[in-house]
Amino acid sequence: MLNIALPKGRLGEKVYNMLAKAGYACEEFDSGSRKLIFTDEKNGVSYFWVKPSDVPIYVEHGAADLGVAGRDVIIESGADVYELLDLKTGVCRMAVAAKNGYTDDLSRPLRVATKFVNIAKNYYDGKNRDINIIKLSGSIELAPLLGLSDVIVDIVETGTTLRENNLSVIEEILPLSARLIANKARYKFKQAEVTAVVDKLRKELDND
């Protein structure tokens with residue numbers, strides 16, 4: 001039996017459909033149900049819904065053999081897991097954005113507003129730039145508009161929200177997409193089963 005943690009929401013539903021097409025359907029699976037665990041003995045799989053930011057933690061600690069999480073979530077969590085496959089969905093980028101016409105004042109620490117504290121810190125450590133991080137949970141774009149921060153570090157898809165608020169991307173940090181991840185110990189014990197999942201998913205991706 002393979003235990004797979006799926007992120008609640010559209011991404012989890014999309015990935016479940018990919019897995020079902022690859023031969024890992026679960027007869028009792030119902031995305032609209034309040035039930036959290038769905039098991040199919042015949043196909044040897046058990047799925048459970050998890051808050052997206054918690055998926056790497058469930059996988060790292062062995063509650064799940066496999067999981068699906070955005071690359072931003074994996075990096076930000078610092079979880080020690082194997083990253084097996086780029087699922088080529090949820091594609092976007094992590095970027096630095098600021099008000100149009102912004103120039104950096106190198107004489108003082110840069111004020112960075114973000115949900116992604118670890119990603120921002122690691123990025124600016126690599127640039128040897130002193131920063132003060134302001135952790136926010138929502139409406140990150142508001143911070144530079146109200147003078148709370150100089151820049152923001154956030155996920156950018158189309159950039160529409162930035163443009164509508166007179167902000168623009170000034171630096172790109174890394175590309176993002178959903179990834180299939182595995183618990184390191186479980187990967188060794190269930191290598192044949194995990195490899196089969198990866199191979200079948202890869203075929204599905206190649207056929208799309």
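The structure holds 14 salt bridges, a salt bridge being a side-chain nitrogen of Lys or Arg within 4 Å of a carboxyl oxygen of Asp or Glu. Side chains of opposite charge can pair when their charged atoms come close. Keep in mind that this is a predicted model, where local features need pLDDT of at least 70, side-chain atom pairs count only at pLDDT 80 or more, and totals for chains, interfaces and linings use all residues. Residues are numbered from 1 along each chain as its sequence is written, and side-chain values use heavy atoms, leaving out hydrogens and water.

| Arginine 93 | Glutamate 172 | 2.4 Å |

What does each pair tie together? Arginine 93 sits in strand β6 (residues 92-99) and glutamate 172 in strand β10 (residues 167-176), so this pair links parts that are 79 residues apart in sequence. Helices (H or I, at least four residues) and strands (E, at least two) are DSSP runs, numbered from the N terminus. Arginine 93 is partly exposed, at 23% relative accessible area, while glutamate 172 is exposed, at 52%. These words have cut-offs: buried means under 20% relative accessible area, exposed over 50%, and partly exposed in between (1.4 Å probe, protein chains only).

Arginine 129 lies in the loop between α4 (117-126) and β8 (131-135), and aspartate 104 in the loop between β6 and β7 (110-114), so their pair ties together parts 25 residues apart in sequence. Arginine 129 counts as buried at 12% relative accessibility, whereas aspartate 104 is partly exposed at 35%. Lysine 127 is in the loop between α4 and β8 and glutamate 171 in strand β10, so that pair joins parts 44 residues apart in sequence. Salt bridges that share partners also join Asp105, Arg108, Arg111 and Asp150 into one network.

Now for the overall layout. The protein has eight helices and eleven strands, and buried residues make up 43% of its 208 residues. An automatic or database domain assignment divides the protein into domain 1 (2-90 + 177-207) and domain 2 (92-175). Their centres, taken over C-alpha atoms, are 31 Å apart. Six residues from domain 1 and ten residues from domain 2 take part in the contact, where contact means heavy atoms within 4.5 Å. How many salt bridges cross the interface of domain 1 and domain 2? The rule finds zero there.

Next, the nonpolar interior. In soluble globular proteins, nonpolar side chains tend to be buried together. A nonpolar core is a set of buried Ala, Val, Leu, Ile, Met, Phe, Trp, Tyr and Cys residues joined through side-chain atoms within 4.5 Å. The largest such core has 27 residues, and Leu6, Tyr47, Leu87 and Leu201 have the most contacts inside it. Its largest share, six residues, comes from α1. Apart from this core lies another, of 17 residues, among them Cys92, Met94, Val151 and Ile173. Leaving aside neighbours within four places in sequence, leucine 6 is in contact with residues including Val15, Leu19, Phe29 and Tyr47.

Finally, take a look at alanine 182 in strand β11. Alanine 182 is buried, with a relative accessible area of 0%. Not counting residues up to four places away in sequence, alanine 182 touches Val59, Asp65, Leu66, Val81, Tyr82, Leu84 and Tyr187.
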